[in-house]
Amino acid sequence: MNSQGNLGRVAGPGTVQLGWGQRRELSRPPAEGTELGLGAAGAASGSSRHSLRPPSSDGLGQAGAEFCGARRPSPARRAGWATGSTLNRVDNPRQTVTQEPVACGATGTRSCAHRSRGRAQAGRYLPVPSPVLVERVRLLSPLFERQVMSSYPRYATYGRAGIRPSVLSQSFPKPSPEDTKKYYQNDSPLTPHFGSENEAMNFGAARFCAFLDDTIEVEQCLVIPSIVSLRRLGYDMPPTPTQDLFKTVTDEGYHAEQALQYARFLRAEAGLLDSQPRRAPLFLRRLDNLREREPEQSRRDLMTVINGIVTETRIGFELDTFARDDSLAESAREICRTHAEDETIHASQFKALGRWLWHVFDDDTRAAAADFFIASAIARSMPDVDSIATMVYQATSLSLQESRRLVYSVYTEQVLIDQMMAATRATVIYLRHLGVEEYASFSLAVERERERLGAELAARRAAVGGRGS
Ligand SMILES: [Fe+2]
Ligand SMILES: [Fe+2]
């Protein structure tokens, strides 16, 4: 155990343990390159693979529930302009249907004129008051609380989904000698370049440890702060969903601890360097950078909340991918499975929160939120090539310079964009249903991101004398 109490084998400031029994001397910690990915970010979508037991039909507690399904013309539609393949110019905006839901006044059990339109109109959605109505109802307190409660989108809680929070039965599995040594899916751009199966396994272990490190940072620096910042926005959240969101902080603390312990065990088992001092991951530095550009504290708080919503719409999908892959080590699949069960619940809560906020936002706030959603979705899911190069260095016999040259050459801007799009697919689908793209273009943001990545990668390749420099 080192001075920081880590079990990872940092035998000394100049020593790096290589995978499973190997060791190499490190004259100094891997130098940080210039910042990659701190530029403006752009947005994204996808289908959730979460499965939930059928929720109850009363009030709160239905997974994936949204609004009644009645639609109102988007601003673009109201102006009579087509904004995409699903929209056409119309003469009578009243007859249009867009992706923007609006309250119809029906509750989950009351009849609704919009129900016959299909799944989204099946009366599962609750009405949401306009900001003006919220303000007027507030003045009519004590009816206010009951009124707002009846307007909050339904979501699954542990009790209603029939799943107990993992904090009640948290397990801390360790890597087992009987396990396969595979801890990460094959990384297609790099796999052909590994010199042996052992190098590929070491790299996979390093990547899974990095994923666990990111998990710790996400829980403590994205999700929990978003719940704290929600109070600062000044919207009158109903008490029950507020309390439910506060409870998730406990879950996230356990997830972080679980990830911390497993990463320690795995680094010790695989002989991987636990680098100290630890630097915040790229996506956090980038999100901090975006937030600091906002001059108003209220906008910075809004972005913090949105970062939480974005990350909670995607992490369950990512965990589920690990849990379902039976080629991976069983202990790694186990911690991902138990974490994913909680995240299925969290995703439903944060999606409901996003819908509620979206419908109480005024138009200016929606426009700002749309930009934040898109920027956050891109920044959160963009691979960090410098971090990947360090993993290659730890897992192989390549020098740090050679590792960077390899990673910068195989991780082209197209590969990075493709991996980002895959990781953020579930988020992008959610944002599209929310109506975000009526205020900001995800595709345009991705193209700006591609240009920025191209310039940054060219500079990195030039710095290491790589191909394309
Ligand atoms: Fe979590
Ligand atoms: Fe969560």
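These legends describe views of a predicted model.

View 1. Of its 469 residues, 46% are buried. Among contacts in the chain with a separation of 6 or more, 80% join residues 24 or more positions apart.

**View 2. Confidence along the predicted chain.** The mean pLDDT of the chain is 75, and 67% of the residues reach 70 or more. Confidence is highest in helix H8, at a mean of 98, and lowest in helix H1 (residues 75-78), at a mean of 36. The pLDDT is below 50 over residues 21-129. Beyond near neighbours in sequence, the model has 242 contacts for this stretch.

**View 3. Residues 132-142, a stretch with pLDDT under 50.**

**View 4. Helix H9 (residues 315-324) and its buried residues.** Helix H9 is largely enclosed by the rest of the structure, because 8 of its 10 residues are buried. A residue counts as buried here if 20 or more other C-beta atoms lie within 10 Å of its own. In H9 the buried residues are Ile315, Gly316, Phe317, Glu318, Leu319, Asp320, Phe322 and Ala323.

**View 5. What covers the buried residues of helix H9.** The cover includes helix H5 (197-230) and helix H8 (297-312). It also includes helix H10 (330-360), helix H14 (413-423) and helix H15 (425-434). Of these covering helices, H8 has the highest confidence in the chain, at a mean of 98.

Technical notes: Residues are numbered from 1 along each chain as its sequence is written. Chains are lettered from A and ligands numbered from 1 in the order in which they are written. This is a predicted model: local features need pLDDT of at least 70, side-chain atom pairs count only at pLDDT 80 or more; totals for chains, interfaces and linings use all residues. A residue is buried if 20 or more other C-beta atoms lie within 10 Å of its own, exposed if 12 or fewer, and partly exposed in between; C-beta atoms are placed from the backbone. Helices (H or I, at least four residues) and strands (E, at least two) are DSSP runs, numbered from the N terminus. Two residues are in contact if their C-beta atoms, placed from the backbone, lie within 7 Å. pLDDT is the predictor's confidence in each residue, from 0 to 100.
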